[in-house]
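Here are my notes on the model, point by point. Please read them with the coordinates open.

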Amino acid sequence: MGGSAASKLRKLSFYLDPVLIAQLLLPTTILFLFLVAPLLLVAYVAGQYSIFDVLSDPTYFSLRPRGQPVLILRTSFRGREVTIIKVVGVSFGAVINSLINAVIVTAGATVLGVAVAFVFARYEFPGKTVLRILATMPLLLTPFINVFVIRKLFDWRDGIISWFVCDVLGLPLRLGVDSIAGVAVAQIMTFFPLVYLNVYSSMVNIDPSLEEQAENLGAKGFRLFRTVTLPLSLPGLAAGSALVFIFSLEDVAAPIVFNEKRFISYQVFSKFIEATTGQLSPVAAILALILLLLALTIFASIRRYVMLRQYAMLSRGGRWKPRMRKLSAKGLLAIYLVLAPLLVFLAFPQLGVIIYAFSERWTGPLPQGFTLKNLWSIVEDPLVSRAVINSLTYSLSALALIILLGISASYVIARARVPGVDLLDLLVTSPVAIPGLVIAVGYFYFFTTFFRGTPLDPIVSGPSLLLVLAYSVRRLPFTARAVFAGLQQVHIALEEASLNLGAGRLRTLVNIVIPLISLNLLSGALVSFVYCMSETSTSITLGGLGGVGESHQAPITFIMLDYLNRVGGPHIVASLGVLLISLQLLVITLVNVVFKQRYAYVGV
Amino acid sequence: MTRVSLRGVTKRFEDVVAVDRVSLEVREGELFTLLGPSGCGKTTTLRIIAGFELPDEGSVFFDNEDVTYKKPYERGCAMVFQNYALWPHMTVYENVAYGLKVRGLPAREIRKRVDEVLELVGLRGLEDRYPTQLSGGQQQRVALARALVVEPKVLLLDEPLSNLDAKLRLRMREEVKKLQKELGITTIYVTHDQEEAMSISDRVAVMNRGRVLQVGTPIEVYTKPANLFVATFIGRSALLRGKIVRADGRRVSILTRGGFKLEGTGLGVRSGDTEIVAVVRPEDFSLSPLPDANIIEGKVELVMFLGPYKQLRVNARGERIIAYVDPEEEVKAGEIIKLYIKPEDVKVYSAEGWEELEFE
């Protein structure tokens, strides 16, 4: 090989022209500045304090459980002798609670998700399409308000379940799930489709001959499922479960709505309430670091595991038809009597949001009165309409940056023959696994430390710019992945033909590459946009730094949280939820039906 | 018109040496073909000339200018890709006009030149079609027009006809040759099809395993293959293994394994070689006696009438020989016949590398 440094440089510059260098440097610089540096700063601040101060505080860490998991009370309620059974869970302090909760939620979501995926992947029955839609409904993001509906389901006083059991069936029982247990139930209901979708796509990709072979050797029923089907679906299972685990850890909506402070995410969030003064408790940094390390550990191990377990299917050329069986009468009965009601129940929070938005009152177990005034208040209420405009502004600005970064990074990753591209790939995809709360904490330190007193200081100028950057970084993976997938389908000769005819890199990019990947780009950008609009973690933390007044800078989700505890507020929050649902449905339709691309269901 | 020279060009991909110390001179205005089996390095060589790959060693010159480190868009060559690489989002007109737009020509000039080149390749009237609405042959012409319209210094063709059906391939072959002669553009043509190479080229470079084994006119390469690989790759020859009995300059006497004593011409024999291979082209066998000719006797196993000639499969003491003879000859399977071969048509090569040859 040409040994000297000069000749190596000359060789490198042959493959890297100025446009490629810009495409490499731009995303790398932005991601280092606005992702890596803030995270490092979190670690640095956390390192200034002893982690044992946190671990020795029973608020965060305790080995002795506090409270009773189930409260049973025999009492008179509304003139009737009833037994109240309330599941609340026990507490080991915020850190342990978050971990135990994540484990329970992952287990619950996995069992539900695998069961639903198996039925859909292997059986054919009338009404399946409707049930499949129901099963994905919990993924429609309606921050806070869906958990609010879940709480309403499980409230022992005015909850729908209690009402049904006690007032409709007439049993002397009032059932409730609340506190820590409530958070777990809400998260299982919200996150199980992540497992379902991942396992489902694994299962329909299993070569049917593998199962047939096992059956041929005598395995059937649960044994077949346990020994062949499930192990072959492990990559999907691992990916789905890992996502649930990470989302459960970082989810702040369920703890807030259940007013359950004993979770890491709630603790980090609550520190922000005092942050408008320009000070953030160092405990926030320590807790954020714990959150980050937990999430990254899961992400890293699952990345390795999923890659190790990429079972190569021996395909015989064309795509196979997945094994589909007709169900016996008994099976059909089980579907309609067990699965269908279960899926309706799991989708109920989203349905409830819609009901809430169109009802006048919903204080008792059942909603009352139909009205459009809640929807109207999105326009009429100046705080709300301003939040909508803010969110649109931030999301569109973020989108511009996302498109620029996404195209640049993916192009370099897909095409440039230079070392270090893998690192950029990791940087671009990792925000999927990085809790938004950690980014919020990092941004707070980063901008109040290095930009104190400048227009970039959120205490001085409000959070607008921080939110745009946070949205850009967090939602970049959707667009970057879509562009990357598009580039893999564009034959490199199409670009070479352009270069060969005398067009430079930039011209080739604009005239050839971008038009050829436009559908992928558009789809990815739409998904990024939708998840910017519904972004929660940084919105409710950083979003409040400008205060809430006439000309506030807060986005939709911040106002949703703010209105949740106002009188009549939930109806307006639900209307915003309906707005977000409509937006998501529109984008899903555009992406799947019009652009014929795959919609990536990962958000929060 | 431009002269292209490669000097000691080497390109490795990981441990594989794709191009191994290749030096070539392509003369102004000639149609030069890189011929070889797949994986021989011919396409990589072409991509180095186009500027898509950087050689690890050696340089590329256009006339006297070293272009080794020049970017593809700075070289002024134009390439026709194996899969045509037509842009699916552009019409025929837009595809062809692209190179001129990039060069910043005025719209009227572009219009004129695109019209001319489309006329030249016979695609007038299809300007507004998209590539997917064209047949394979039409796509091929668009690709050719797109390359020709920019009046490149060097035209590069990477297996341009391999995706066409047999009949169309023959027609396009003639058209490419005709166009190239009319326009006089220095052209480098890559193919694995020896017949295509023979028929179209001014000169041919036969490549194998990254190396150029012989450069010459098609007639030279066909009649005087420089080594065993070239001799076997081109044409469909009888291969007789044996030993040298006596060597006298280029004239050698050999004894084949089947026991035939033959007089031949040593083309790739070094002194000291004992193991040799004698190569005889099928059309060099004759059924009528020739003066001073070698004689091989054998049994006809199969007779096939192929139009211009009859193909005989002959078993001569275990050696399998394919011979083309006059279609008028009365030969039947099972007959014992004598085949006559002139000594100059028995080409003798060292058997070194025999094991590496691939046979059909």
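How many residues does the contact take from chain A and from chain B?

1. The interface in outline. The model is predicted. Chain A gives 27 residues to the contact, and chain B gives 35 residues. The area buried between the two chains is about 2700 Å². Carbon and sulfur atoms account for 60% of that area. On the chain A side, F14(A), N500(A) and L501(A) stand out: they supply 29% of the area that chain A buries against chain B, more than any other three residues.

2. The rule finds one salt bridge between chain A and chain B. Its partners are R47(B) and E496(A), whose side chains meet at 2.6 Å, N to O. Side chains of opposite charge can pair when their charged atoms come close. The interface of chain A and chain B also has 12 residue pairs in polar contact, with both residues at pLDDT 80 or more.

3. Where the chain A side comes from. Three helices of chain A each give two or more residues to the side that touches chain B: helix 1 (5-15), helix 22 (492-500) and helix 23 (505-516). By type, the residues of this side divide into 12 nonpolar, eight polar and seven charged.

4. A salt bridge within chain A. Over all chains, the structure holds 35 salt bridges. One of them joins the side chains of R505(A) and D17(A), at 3.1 Å, N to O. What parts of the chain does this pair link? R505(A) is in helix 23 of chain A, whereas D17(A) is in the loop between helix 1 and helix 2 (18-48) of chain A. The two residues are 488 residues apart, and the pair links distant parts of the chain.

5. The open sheet of chain B. Four strands of chain B form an open sheet in the order 2-1-4-5, with antiparallel pairing. Strand 2 (16-26) and strand 5 (65-66) of chain B stand at the edges. Each has a single partner strand, so one side of each is left without a neighbour in the sheet. Strand 4 (residues 57-62) of chain B pairs with strand 5 of chain B over two bridges. F62(B) has E65(B) in strand 5 as its bridge partner.

6. Helix 1 (residues 42-50) of chain B lies across strand 1 (4-13), strand 2 and strand 4 of chain B. The helix runs at about 115 degrees to strand 1 of chain B.

7. A hairpin in chain B. Strand 9 (residues 203-208) and strand 10 (residues 211-216) of chain B pair in the antiparallel sense over five bridges. V204(B) has G216(B) in strand 10 as its bridge partner. Two residues lie between the strands of this hairpin. In the turn, R209(B) has a positive phi of about 50 degrees.

8. Strand 11 (residues 238-248) and strand 12 (residues 251-256) of chain B pair in the antiparallel sense over six bridges. D248(B) stands opposite R251(B) in strand 12 of chain B. This hairpin has two residues between its strands, and G249(B) takes a positive phi near 65 degrees. Strand 12 of chain B also pairs with strand 13 of chain B, in the antiparallel sense over five bridges. V252(B) has G264(B) in strand 13 as its bridge partner. The hairpin of strand 12 and strand 13 of chain B has four residues between the strands, and G259(B) takes a positive phi near 100 degrees.

Definitions and conventions:
Residues numbered from 1 in each chain as written. Chains lettered and ligands numbered in written order. Predicted model: local features only at pLDDT ≥ 70, side-chain atom pairs only at ≥ 80, totals over all residues. Heavy atoms only, no water. Contact = heavy atoms within 4.5 Å. Buried area = accessible area lost by both parts, 1.4 Å probe. Salt bridge = Lys/Arg side-chain N within 4 Å of Asp/Glu carboxyl O. Polar contact = N/O pair within 3.5 Å; in protein donor to acceptor, adjacent residues only side chain to side chain. Nonpolar A, V, L, I, M, F, W, Y, C, P; charged D, E, K, R; others polar. Pairing = 2+ DSSP bridges. Axes fitted to C-alpha atoms, helices over the stretch in contact; angles between N-to-C directions.
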